[in-house]
Amino acid sequence: MVPFVDLKAQYRSIKPEIDAAVMKTLEDCAFVLGPEVAALENRFADYCETGFAVGVNSGTNALYLGLLAAGIGEGDEVITVPHTFIASASAIHYTGAKVVFCDIDPVTFTMDPEALEAAITPRTKAVVPVHLYGQMADMDPIMAIAKKHGLIVMEDAAQSHGAEYRGRRAGSIGDLAGFSFYPGKNLGAAGEAGMTVTAREDWTRKLRMLRDWGAEEKYHHEIIGYNMRMEGLQGAVLNVKMDHIERWTEARRAAAARYRNLFAGSGVQIPLEAEDRRHVYHVYAIRTPDRARWIDELKAAGVATGIHYPFALHRLKAFDFLGYREGQFPHAEKAAAEVLSLPMFPEITPDQQEIVANAVMRLQADTEIDA
Ligand SMILES: *Cc1c(COP(=O)(O)O)cnc(C)c1O
C-alpha cells in the first residue's frame with residue numbers, strides 16, 4: 001500500500017535527535033512554555049520573516065487568539081472561504097463575530113479577491129484568507145481591498161509553513177497569521193501545537209497574556225485569558241524539526257514536480273502552482289468528477305487517498321444557522337465535490353509515485369472513454 005502520509009518514516013529519519021530533545025525536556029521538567037518554546041518562537045518569527053511569534057496549543061487557537069488580540073469580537077463580521085478545514089471558520093465564531101463566506105478562485109482553490117470585496121459590509125472588521133494545500137492566497141489584491149476598507153488580515157497559514165507569494169513568506173504579509181503544528185502538517189509536533197505570528201509588538205504582548213491566563217507576570221491578571229500555552233515537549237520536538245523543514249519542503253516540491261512529469265499529457269487535472277508563488281504541497285489535490293469510484297479503485301490498486309474537504313463549510317449542519325443555501329458558492333461547492341488528494345509527504349519515493357500515477361492514469365483513460 002502506498003500510504004497517504006508516513007509519519008513513521010519521518011520519525012525514523014531523525015529519531016536520535018528527537019529522542020534526545022524529548023529526554024532533555026523530561027530531565028529539565030520544562031513542561032509548559034520554557035526555553036524550548038521561547039527558542040522556537042524566535043526561530044519561527046525569523047522563518048516567517050516577521051517580528052514576533054507566540055506559541056500556543058493548536059492552530060485553531062493560534063487563529064482564535066490572534067483575532068482576539070486584534071480586537072475582533074461580537075458585532076463584527078469576518079470573511080473567510082467555505083473551501084477549507086472547519087477551524088478557519090470556527091476560530092472566527094469563537095470570538096463572537098459573525099462568519100461570512102466568499103467564494104474561491106477555482107484554479108488555485110484560494111480566496112477570490114473580487115468575491116471578498118463583494119462580501120464586505122459596514123460591519124466587516126477582518127478577513128481570513130486561507131493558504132490552502134500549501135499555496136498562498138492572492139495576497140496583493142486582498143491586502144489592497146483590506147486597506148481600502150480598513151480591515152485586519154489574519155492569514156490562515158496552517159497548511160503553508162515556508163510558502164511564498166511574490167518572494168514574501170506566509171505570515172509576513174497579513175497583520176497576523178496562524179500556523180498549525182498538528183502532527184500531519186508540514187511542520188508537525190508530537191501532539192497539538194500552533195503559533196500566531198505578527199509584526200506588531202502590542203498584539204504580541206496581548207497574545208502572550210491571552211494564552212497564559214491574562215497575565216504577563218504570574219498572578220497579575222490584567223484580562224481574562226486562557227490556558228492555551230504551548231507545551232515544552234512540543235517546543236523541543238519542533239526545534240529539532242526546524243533544522244529539517246526546508247529540506248522537507250524541497251522534497252515535497254520535488255515530489256510534486258515528479259507527479260507533474262508523470263501526469264504530463266494524461267488529461268489528469270493536477271494542481272496548478274501559480275507562477276508568483278512557492279507552493280509547499282501540504283496536500284496534492286487533483287480533481288475528478290468521478291471521485292467515489294476513483295477512491296475505491298485506487299484503494300484496490302494499493303493507493304491511499306484523502307479528501308480535503310468533502311463539504312463546503314456553508315453546507316455543513318454546524319453552519320446551518322448562518323442561513324446560506326446550496327449554489328451560493330459554486331466554485332467551493334464544485335471543488336468539494338471533485339478534489340481528491342494523492343499521497344504526498346517528503347519521504348515518498350519515485351517508485352511509490354509511479355504506482356500512484358499509473359493507477360490514476362488508468363482511471364483517467366476509463367473516465368474519458370465513458371464520457
Ligand atoms: C489544521 C488546520 C487548522 C487548525 O489547526 P489545528 O492545529 O488542528 O487546530 C486551521 N486551518 C486550516 C486550514 C488547517 O488545515
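Q: What distance from a point of a pocket makes a residue part of its lining?
A: A pocket is an open set of grid points with protein on both sides within 12 Å along at least five of seven lines. A residue counts as lining when it has an atom within 4 Å of a point.

Q: In this predicted model, which residues line the second largest pocket?
A: This pocket has a volume of about 200 Å³. Its lining is made up of Leu7, Gln10, Tyr11, Ile14, Ile18, Pro183, Gly188, Ala189, Ala190, Val237 and Lys241.

Q: Which helix gives the most to the lining of the second largest pocket?
A: Two helices, H1 (7-13) and H9 (232-242), each supply at least two residues here. With 3 residues, the top contributor is H1.

Q: How many residues in the lining of the second largest pocket are nonpolar?
A: Let's sort this lining by residue class. There are 2 polar residues and 1 charged residue, and the nonpolar ones number 8.

Q: Now for the largest pocket: which residues lie nearest its centre?
A: This pocket holds about 520 Å³ of space, and 32 residues line it. Of these, the ones nearest the centre are Phe85, Tyr182, Lys185, His282 and Tyr309.

Q: Which strands give two or more residues to the lining of the largest pocket?
A: Helix H4 (59-69) and helix H5 (87-94) each give two or more residues. The strands that do so are E8 (176-180) and E12 (339-342).

Q: Between which domains does the largest pocket lie?
A: Its lining has 16 nonpolar, 12 polar and 4 charged residues. Two domains both give residues to this lining, so the pocket lies between domain 1 (7-103 + 111-242) and domain 2 (245-370).

Notes. Residues numbered from 1 in each chain as written. Predicted model: local features only at pLDDT ≥ 70, side-chain atom pairs only at ≥ 80, totals over all residues. Heavy atoms only, no water. 1 Å grid on protein atoms, 1.4 Å probe; cavity = no way out; pocket = protein on both sides within 12 Å on 5 of 7 lines; lining within 4 Å. Points joined across faces, edges and corners; volume = space filled by probe spheres on them. Helix = DSSP H or I, 4+ residues; strand = E, 2+ residues; numbered from the N terminus. Nonpolar A, V, L, I, M, F, W, Y, C, P; charged D, E, K, R; others polar. Domains from an automatic or database assignment.
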